[in-house]
Structures are given as C-alpha cells and as structure tokens.
Amino acid sequence: TPDPITASARSSGHDTALTLYKDMVFIRRFLEKVDGLYRQGQIHGPVHLGLGQEAIAVGAASALRPDDYSIGTYRGHAHALARGTSPEAVLRELLGRQGGICGGKGGSMHITSVKDGYYGSYAIVGAHLPVACGLAWASRIKRTGQVTLCFFGDGAVNIGAFHEAVNLAAVWRLPVIFICENNQYMEYTPISTMIPVGRPAADRASAYGLRRILIDGNDVATVRSTIAEAVDRARQGDGPSLIEADTYRLKGHSALDPAAYRPADEVASWKTKDPL
C-alpha cells in the first residue's frame, strides 16, 4: 500500500507523474477498504464511493496552493484525502469513532477538514455551490489570492442553485472554479435522458459568458493542467470557470446499489478507460 498523501507532497506541486499515480492508487485502495468494511457491517449509514473518479480529485488538488479552498458532495472522500486529510481520521469518522474528522458524528456524507482546505461534503444536491461563491467572495474581500474549487455531479446541473451560483460568480468575477464530475448517471438515471443538450455543464457555459471546457476526467495530467490554467486565471482576477470532466463510477450510486441498470457493454467499455 502506498504512503498516505502528505503535506510535503502537496507543497511540492505533485510535480511528477509517479506522485500523481501513487496518490490515485492510495485513494483507490482506501475506497476499496471502505467498501469492504461497509459490507462487513462495520460502517453504518449511506456511503457513496468515487471508485473510478480518482483522477479528478488528485489532478485538481495538485493544482492548488495549500491555502486554497475545496468543497464537494457526499462523494467527497477522495477530495478530502487529495488535500492531505488524515486517512486514519477519515476512516475513524466512517466508523463513528473518536478521532474521526468530524468527531465520529458526521459519517460518510459529511467529511470536512478545514485545516486542510476541504470545506465539506454536502448531502443536499447543489446546495454547496452558493457556499463556494461565499468562500470566493471572502477571498476577494480579504485580497488573499485564494481560489475555491467546487465539485458537483452531473445531476446538480438541473438544480436551481447551480444556475444561481454560476451566474453570480460570472457577474461578480469570483475566483471560483466549478467542476462537474460527469459520471454519466444522476443516481440511477442516465444524465443523457434528462437534459436537452449533449453536455450538461459544458454546453451551458456560454449562457453565463464562460468558455466551453470539456475534458477527459480520467486523465490526471489533463485534469491537472486544465484546472491549473483556470486557477491561474481566477487568481489574476479573470473570474470563474466551468469545467466538465467526463468520468464513470465503477460502483453503484451508493454502496447498497448493485447498478444492475447499467448495460454490461457500457461498464466494460468504461473499465478500459480506468484512470489507473
């Protein structure tokens, strides 16, 4: 098992492909362990794993300064770990034990580590996007140069808070990067059946005066370089970006979901694109 993601690795900028790969492998093994503990009955409550989506978390975190902000969804374990959060503290949280990152009281859906720059996993779909605007606005007021990364799933693009947050960020030119982790399914429903455009986030960017940015979310180098560019623009005062990262979850929506609704050939095809 590789070493946990450390502060020294983050401060070096993840400047080698080997470091990025080791970080992704560590997160993959951690999530697999969580899946096993859940099936043994040691973890209670809803658990939503991001197996297969590690490249987005690792690539994005590697583009940040230690004092930048990240905020995400209930599928946020990888994002917390990628920012350097203690794996032991996260695992204790999942097990409801003392020493958990939230005192063992938040569980899987509320992983938060402010000291590591990860400002929380939010269970209400889309609710954290306006919060990301608040973090970015605070950076603007304090003139710290900090940038906020806001991660959300493809299902959130049909939530009113998504449109309100992106619109506000564009109007106020806030230093926030909105990153849609398009894993193709909004819970159990293909996103393609629920939107009138081909790409749920990228094809809506122009409505807010933003560039259309669509990337391979399973290519960690592409994720890193694209987000680094967006972060630089935001830090220079050029406003927000809306990025859609194509990916696929290898498991169901939650640990209880067998994902039998997904065609076998689709699953097999995406497994050939595994970020590892």
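Modeller: Before we start, a word on strands: two of them count as paired when DSSP finds at least two bridges between them. Please also keep in mind that this is a predicted model.

Colleague: Thanks! Which residue in β2 does Ser70 stand opposite?

Modeller: Let's begin with the strands. β1 covers residues 69–73 and is joined to β2 by three bridges, and at least two are needed for a pair. The two strands run parallel. Within β2, the residue opposite Ser70 is Tyr118.

Colleague: Which strands are the edge strands of the open sheet?

Modeller: Six strands make up this open sheet, with parallel pairing, in the order β2-β1-β3-β4-β8-β7. An edge strand pairs on one side only, and that holds for β2 (118–122) and β7 (213–216).

Colleague: Is Met24 buried or exposed?

Modeller: Met24 sits in helix α2, residues 17–39. Apart from residues up to four places away in sequence, Met24 touches Glu54, Ala55, Val58, Val220, Pro275 and Leu276. The C-alpha atoms of Met24 and Pro275 are 8.3 Å apart, although 251 residues separate the two along the chain. The relative accessible area of Met24 is 2%, and the cut-off is under 20%, so Met24 is buried.

Colleague: How are α2 and α3 oriented to each other?

Modeller: Helix α3 spans residues 54–61, and its axis lies 9 Å from that of α2, at an angle of about 135°. Over 145 degrees would count as roughly antiparallel, and 65 to 115 as roughly perpendicular. The pair is therefore oblique.

Colleague: How many charged residues does the contact of α2 with α3 have?

Modeller: From α2 come Leu20, Asp23, Met24, Ile27, Arg28 and Leu31, which meet Glu54, Ala55 and Val58 in α3. By class, six residues of this contact are nonpolar, none is polar, and the number of charged ones is three.

Colleague: Is Gln184 buried or exposed?

Modeller: Gln184 belongs to the loop between β4 and β5 (185–186). Its phi is positive, about 80°, although Gln184 is not a glycine. Relative accessibility is 18% and the limit is under 20%, so Gln184 counts as buried.

Colleague: What is the relative accessible area of Arg173?

Modeller: Arg173 is in the loop between α7 (160–172) and β4 (176–182). Arg173 also has a positive phi, about 55°, without being a glycine. This residue is partly exposed, with a relative accessible area of 43%.

Note on methods
Residues are numbered from 1 along each chain as its sequence is written. This is a predicted model: local features need pLDDT of at least 70, side-chain atom pairs count only at pLDDT 80 or more; totals for chains, interfaces and linings use all residues. Side-chain values use heavy atoms; hydrogens and water are left out. Helices (H or I, at least four residues) and strands (E, at least two) are DSSP runs, numbered from the N terminus. Buried means under 20% relative accessible area, exposed over 50%, partly exposed in between (1.4 Å probe, protein chains only). Contact means heavy atoms within 4.5 Å. Axes are lines fitted to C-alpha atoms, for helices over the stretch in contact, and angles run from 0 to 180 degrees between N-to-C directions. Angles under 35 degrees count as roughly parallel, over 145 as roughly antiparallel, 65 to 115 as roughly perpendicular and the rest as oblique. Ala, Val, Leu, Ile, Met, Phe, Trp, Tyr, Cys and Pro count as nonpolar, Asp, Glu, Lys and Arg as charged, and the others, Gly among them, as polar.
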